[in-house]
Each structure stands twice: as C-alpha cells, then as structure tokens.
Amino acid sequence: MKPPVKKDTTPFFVGYFKVPKKLRSFLLIAGVAVVAFMTAFGLVSGASQDDPGDGAFRFDYGRQTVTGVIELLPYPLLHVTEGNDRIKPGHTLMLTAQGKSGVFSRAEPLEGQKVTASGIILERGALNMLQVRGGARGLGPAEGSGAPPVSEPLGRWKLAGEICDGKCLAGAMRPGRGIAHKACANLCLLGDIPPVFVSTKPVDGSEFLMILGKDGGPLPAIAYDYVAQFISLEGDVSRHGDLLVLRMDPATIEVMK
Amino acid sequence: MSVKYIPVQWNKNKWWYDGFMLAGVVGFLWVFLYVTPEILSHERPINPQIHNARAFGACAFFMMTIILCIGPLARLDKRFLPLLYNRRHFGVMTAAVALTHFSYVLNWYFAFSGTNKYEALLFSNTSYGQLVGFPFEAFGIFALLCLLILAATSHDFWLKFLTAPVWKRIHYLIYFAYAAVVAHVSLGVLQDQQNHLFTVVFVASAFTVAGLHLLAFLHERKAGDPDAVPDTDGWVQVCHAKDIPEARAKIAVLPSGDRVAVFRLEDKLSAVSNACAHQNGPLGEGKVIRCLITCPWHGFQYDIRSGRSPAPFTEKIPTYNLAVRDGVVLVNPKANPPGTYVEPVEV
Ligand code: FES
C-alpha cells in the first residue's frame, strides 16, 4: 500500500488570483500597520523638530530708509546718523543685497561717505542687518559728509561658538545655522554676505560678532571648513559703532566636542 | 508575465497594495506637513521649504526602511510574501518622494545666488577631509541616483533586456542607497538635533533593517535548503519521495551551487531549476496550480513537465532528469536546456 501523500496547507498567494482566505486578515493587518507606522513616523519626525529661533525678515516693519556713513571692513557697515523710529542714530547695520550676495561692489565707491540706505530689516534678537533695494535707491550718496566712528580695541579674546552667514542667521532662513545648513552658509559667505560669529559667552554684552581674517580682510578660505561647527578660536575684538568685530587668528581654531 | 510590454499590468491585488502604501505615504506627509506645525507652535515657524524638504526626506527614509524589511520578513515568515509582490511600485514611489526632497533642498539652500544651483550644490562645501561638516549632500545625491536608476529600470522590459542576474545585481544598489541615506542623515540633520526623538527613531529603523537581515540570514543557515547527496553515476539524492507534499516541492542544492526543485503532482515527480526566469524567485517554494508551477514571488508559471510558460508567454527554465529508487528521489545534476520536456516519473 502506498503511504498517504503529504498535504501542505500553507496558504499560497498568487498576485493575479484572489487572496486565499487564510491570508486575508493577515495582509489586512500588515497593510494597516504600514499606514499606522508611516503616520506615526510622520508625527514623531515632524513634531520633534527644534525651534528655529525668532530670526525673520521684518516685512511687518515696512521699508526702512536711513542715512549714515559707510565703513568697509571689507564687508560694508552703515553707521546710522539719521535714523527713524526703529533704527536709531548711532546704530551700526550690516548690509546685504537680495539673495546670497553682499553689497561690497556697490558700497566700495561710497566708502567713508554719507549715504542713504533703504530696504528690509532682518532681525534676530540683538542682531540685525539691512537688505537694501536694488540700484541707487537702495544704496546711494546723500547730502553732507561724515566719518565712521573711531573703532575701539577691546583686546584679544578666546571665544567658543559658531561661524555663520549673518543673513541666514538673522532670519533669511529658519533655521539658518547648524551643520545641515553649512553648504548654504558657505554659499552665502562666498557671495560676500557678512560672516557672524555666534559666541557662547557674550563679549562686552554681545554674543554676535562680525568675523574677519587676521589682517582685517574677508573671511579666510581656511575658515570655510569650520563654518557651522562648534569651535573655539582667538582673535582681536574691536568695537565699530555699536557692532563688535572679531579679527580671528585661523591658527587658533580648535574643533570643540 | 510578459507578452508585450505595457506600463503596468494591473490587477485587484496591485490596487490594494498600492492603495495601502500610498495611504501610508499620504498619512506621513499629511501629519508632518499639516499637523506638526500646530503641535510645534514655534514663535516663528520653520521655513515652509525646509519643513517640506524634511518631510519628504524623512518620508523617503522610512519608505526605504519598509522596502528593505519586506525581504527578510518574507524569508522569516512566508505570510509576508505578498508584500514582495508589488514592492517595485513602492520603490518607484520612494524615488518620487526622494526627488521631491531633493528639489526642495536645491531650490532653497542652493538657490538665490549668482552661482548655478547644481554647481552650488556640488561645490559650496568641499570639506571632504572631515567627519563633522562633511558635505553630507554627496551621500544624498548618490542615494537619489541609485533610487532613480532602480525606478527607471524597475519595469519588466529592463529585467528581460538586462537578464535577471544582471538586473538583480543592479537592484542590490538599494542597499548602498540605504547606507548612503543613513550617512546623509547622520552627518547632516542629526548633527544639529537638540530634541533627540527623531535620532532614536532613525537609529532604531536602521537597526531593524540590519537586524532583520541578520535574522533571516541565520534562519536560512539553520533551515536553509539541504545539499543533495552524491549517488552513483554522478547523480545525486535529493529527498524521500514521500516527503514531497502534493502540488509542492522539495529543494536541494546541487554540487554546482544551483538549486533543483522536485515537484509532486498526483504521484508523479518532475524536477526543474529552482530559479524563476523572472527574478530568480524560489520556484520550489511555489505551488502547482493546474499543472503549472507557480512562482511565489510574482506568479510566473511554468509547465511542470517542460519548464515552459504557457502560451502566449515565452519564459523557459531548465529541467532535470530524475528517477526514484527505493523511495529516494535521484536527480541528474546536469540541467537540461531550458524548456526541455521530461516525462514525469511515477513514485
Ligand atoms: S521571481 Fe517574479 S515571478 Fe518568479
């Protein structure tokens, strides 16, 4: 007599046939689980994002027009002489053009002169910057003459913090700093946007310092490798109007943990 | 199976499959894009472009995670096999979601400058010599290219054109893509996190993928296909005939490393190559339905006697000559050319 033939009753799924009854509830659960997992992951990933801070374009302030004196560091600064309700005389504004470009070429012929600047303010806490309009209406010569205030040396400092592009940091992007934003920051800096060092400890009351090369030139190439990283460095700090400027010594850069 | 190439041969199960997967993607994106901003209630919201980029990027990561879990799950528990059936549609969806992530990033972080966006993407950060601050975008670009290649070649036309082994090898790119995405995220957004919840879920997902593959590997080593035992005249013993269930098969590894599947249909046995002509699916884990061996992966069918797909289909697999001696199934390990008729052997 032949032995009985084995039976394998495991349900067998064929895509173009009806799903075997035994598998139906399993597959239904699997399908619902995929939807549930994805939705839950969406919730967790979305809801765990960090606060990007309060930096922003202040379109709500309206267009700001002020008069002041240009100082080239070489990133142009505007020392305000005649301000308005929001921007007081004596304030020092960093300047930027639209997008990822600075205003060096437009400010250079106006160095040391009185100008009228007009545009939108970017603001993050005590840090602000003026994005000037295009053409002479954004940055043009004004009547009268003036001179930038005499800078005041504050000595050599060792600081810990992050090199950022001043514009994204001030609110052109939220978040506008950090490693994920590094390439964007580099691109801004290559476009002559003023670099800003965010210090963990305030220097003479300010945690934001415009940062330059050791000789006072633009941000040195070597510094680009450290943009957006937590580093320590040394340099000479001076006050230009009410803005602090750090002339960094690239040889002292150390990556912090 | 393929007769002529039409974009997708739809059936009800595919609709269901895509429906669930699409619902998962929509669920993820909808919650991330529209619900979480309310929950976060930041004083000033994250830029919409960045928020969108993150949503699509994270979504693509979790989609890849699911795709890569399906394989080992199906190896550990056959009930997951249907999830493999239409996985390529989910893969194409993943490529589309990843591409959306890319375009948000490109048109935000790398726009608004005098430099061409693509050049800016490649050359803004060149700190390749360091880990922190490494241009993690490079890993993202690599992963996206892989996904696009996989999506573009996902159709059966390419499978046939490239042949199954080559196609399969290309599609192993998904593992490199996943590794690249893990690096992309780890060296990018994870570096900035203050809230570590996402990091935890991210790491857990990556470990799940790795862990399931390890489990499946160990499972297969323990419960894998047995080696065929050498017999006289160069033939090999595969199994006992009585161990082969009706309409199913037993698989054995031949000395060459190829696998043979011996099927039983009404007291007669037939031996064919275990590798499906479609994507090398394990035919021996399939079932005989109306005289046709049916692949467990996508349902390609082959005549049990000749290894030929029924007309109008043209796929063919090799067959093997076999014999039964004292209840033991013997197979000649030299495969017959694909499609060779072999008379089934009475048990
Ligand atoms: S591998 Fe796709 S049907 Fe067999």
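In which order do three strands of chain B form an open sheet? The order is β6-β7-β8, and the pairing is antiparallel. This is a predicted model, in which local features need pLDDT of at least 70, side-chain atom pairs count only at pLDDT 80 or more, and totals for chains, interfaces and linings use all residues. Residues are numbered from 1 along each chain as its sequence is written, chains are lettered from A and ligands numbered from 1 in the order in which they are written, and side-chain values use heavy atoms, with hydrogens and water left out.

**Sheets in chain B**

Strands here are DSSP runs (E, at least two residues), as helices are (H or I, at least four residues), and both are numbered from the N terminus. Two strands pair if DSSP finds at least two bridges between them.

V229(B) has Q237(B) in β2(B) as its bridge partner. On β11(B), V328(B) stands opposite H240(B).

**A barrel in chain A**

Five strands of chain A close into a barrel in the order β8-β9-β10-β12-β11, with mixed pairing. Here neighbouring strands are turned by 50° against each other on average, direction ignored. C164(A) has V196(A) in β9(A) as its bridge partner.

| Strand | Partner strand | Bridges |
|---|---|---|
| β6(B) | β7 (292-294) of chain B | three |
| β1 (229-230) of chain B | β2 (236-240) of chain B | two |
| β2(B) | β11 (328-331) of chain B | four |
| β8 (152-165) of chain A | β9 (195-203) of chain A | five |

**Where the chains meet**

The contact (heavy atoms within 4.5 Å) takes 59 residues from chain A and 78 residues from chain B. About 6000 Å² is buried between the two chains, and carbon and sulfur atoms give 66% of this area. Buried area is the accessible area (1.4 Å probe) that two parts lose on being put together, summed over both. In chain A, F12(A), M38(A) and Q49(A) lose the most area to chain B, together 12% of what that side buries.

Between chain A and chain B there are 22 residue pairs in polar contact, both residues at pLDDT 80 or more. A polar contact is a pair of N or O atoms within 3.5 Å; within protein, one must be able to donate a hydrogen and the other to accept it, and residues adjacent in sequence count only if both atoms are side-chain atoms. On the side of chain A that touches chain B, α1 (21-47) and α5 (182-190) of chain A each give two or more residues. The largest share, 18 residues, comes from α1(A).

**Salt bridges**

A salt bridge is a side-chain nitrogen of Lys or Arg within 4 Å of a carboxyl oxygen of Asp or Glu. Over all chains, 20 salt bridges are found. E82(A) and K114(A) form a salt bridge through their side chains (3.3 Å, N to O). This pair links distant parts of the chain, with E82(A) in β3 (76-82) and K114(A) in β5 (114-124) of chain A, 32 residues apart. Between chain A and chain B the count is two. R248(B) and D8(A) meet in a salt bridge at 4.0 Å, N to O.

Definitions and conventions
Axes fitted to C-alpha atoms, helices over the stretch in contact; angles between N-to-C directions.
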